[in-house]
Amino acid sequence: MSSIQITLPDGSRQEVPAGSRPIDIARAISPRLADAALVARVNGELYDVTRPLEADATVEILTPKNPEALEVYRHSTAHLLAAAVLELYPETKLGIGPPTDAGFFYDFRRQTPFVPEDLERIEARMWDIQKRDLPYERKLTPKPDGIRKYKEMGEYMKCELIDEKADAIFSEYTLGPHFIDFCRGPHVPSTSRIKAFKLLSIAGAYWKGDEHNHQMQRIYGTAFFTAKELEEHLKQLEEARKRDHRKLGPELDLFSVQELAGPGLIFFHPKGGIVRKQLEDWMRDQYLKRGYSLVYTPHVMRSDLWKTSGHYNFYAENMFKRMELDDAEYQLKPMNCPGHILIYRDRQRSYRDLPVRLGELGTVYRYERSGVVHGLLRVRGFTQDDAHIFCRPDQIEDEIVACLEFAADTLKTFGFDKYDAELSTWDGGVSGKYDGDPDQWALAERALHNATSRLNVAVQVMPDEAAFYGPKIDVKLVDAIGRRWQLSTVQFDFTLPRRFGLEYIGEDGKAHQPLMVHRALFGSVERFFGILLEHYAGAFPVWLAPVQAVVMPITDRTLDYARQVRRRLEEAGLRVTLDDRKEKVNLKIREAQLQKVPYMLVAGDREAAAGTISVRNRKHGDQGVTTMDEFLSAMLKLVKDRTPFE
């Protein structure tokens, strides 16, 4: 073949010599395009711009203007990191180095631990390699030759990966004369294309994420197309560190993790308990207002239940070990859904009874490895605002719309005004890895699509990302500093209704299987608490704050009046404390500020004589003197309206 046909994004077709590279095509269009080219999309797949085209193809050149190129850019930066480490510490053995949503990492095995000072040396060497303008060159290697080569290099982990994952002929990428890595690619053309990166931290990891394997050292970094983007990201990371709920929680006396009890198990202190009560009370009230029935199910149930549900076999590694009791084997529940199914199944249901909406704030237990446990966000025991809806096919779209409206109202109530959604669909049944028949999937996916359209919710379709038992919608909120968090989920389930033989008697007098929807809006109370804590940087709005105001007498002469102020506010339903320590008021104010108390009320001689209070707001400072009636009215309005910021 002396020439091939290519189709460009604008629909135009060209004939180019066989073996032409996407970067040659870019150069023919515009030298500026070639200079900016990072990767190509060829027939829908990402492709090195320096790799020859082998047949007729549709070709698109991706530059920093294309967000999809960022993953490739970061993957290439991970290789740059590994090359720098090998130049500085040649005894190091390589693990894996993928891109991530926030940057990249690479895992290394080395006798001597990396220390923070090493990051500076490694980063400096990365910039040195970057300036050499070394190409990322792709080469193909037969599997036996590759295993033999990496074995001679002492790279036994690469041998293991090649043995497990490589095709008969696999791709490698070189970076200069001394670095080569088993990698599917693609990569940017050369190191000079990488303009902005930063190494961030060192952490421990296990080879292939298995705690039974040897330990690795993981170096995290991030990379962006421009120095400005990198600087903005680093500022966001610094702000995130200040807002870290693992730091704020103990500082504000909200919660703790107790070593004697074990990792991933949260102890809510009195202040945290108050905040949690507000979350749970609001959610339970909403259940009742929106037609849900409140239920409660046991924390431990017979293993036979989990065998029927499928968790016993398919979810076993995430469940706590079984307990042998007098009559049977039992397990802590990892999910609430089987308990709700048993309640549904407890009596015969008619089509007139549907929809049945069962809701529970139910605590579940999952065995998370100690290496992935993370504050309130990844725990071993947590409470889900779990609801399950059993309905007829003709009801499903309205139920999904109601779930999404409920999710939007939840976000708005707690101060989140930005969110988007992802709709995870199946592969059409090609792989055989999904349960349910095509008609069920078509009905479910159509209902999800229609619901998002009716509500004008921006949704990104995620092909082949559904759970094996049904499609789902994930709602992702955007917090105060621009981070996206996975939160609410609306999930179809074709499997459990069949496994448990669920039925309702239809209008035709025959038994039919109901549709089942899982729905969690907080995700979990713990996770939502942690997100809220970081969103507000610990300064909860008045209606959520564990202490809404603190009363501060200036001297003992005004102590009785300060007590009267406190009593009146408490009688109105506000959460108030009295700081009657024999300390200066400025010290009391400073400490209340550190504890993020919304209002500080100073009671001196003049205030006591006039029946007023001097008000200070944690954010806006001195608010002047006001009457008790005025202050109380303003506070009660903030609470009633659930005002997110005062």
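**Strand pairs and packed helices**

Student: In S27, which residue is the bridge partner of Ile-389?
Tutor: Val-517 in S27 is the bridge partner of Ile-389. This is a predicted model, where local features need pLDDT of at least 70, side-chain atom pairs count only at pLDDT 80 or more, and totals for chains, interfaces and linings use all residues. Residues are numbered from 1 along each chain as its sequence is written, and side-chain values use heavy atoms, with hydrogens and water left out.

Student: What makes S20 and S27 a pair?
Tutor: Two strands pair if DSSP finds at least two bridges between them. S20 (residues 381-391) and S27 (residues 515-520) have six bridges, so they pair, in the antiparallel sense.

Student: Why is S27 called a strand?
Tutor: Strands are DSSP runs of E with at least two residues, and helices are runs of H or I with at least four, both numbered from the N terminus.

Student: What makes S16 and S17 edge strands?
Tutor: The open sheet of three strands has the order S16-S18-S17. S16 (300-302) and S17 (323-324) each pair on one side only.

Student: Which strands does helix H9 lie across?
Tutor: Helix H9 (residues 270-289) lies across S15, S19, S20 and S27. Contact means heavy atoms within 4.5 Å. H9 runs at about 5 degrees to S20; angles run from 0 to 180 degrees between N-to-C directions, with axes fitted to C-alpha atoms, for helices over the stretch in contact.
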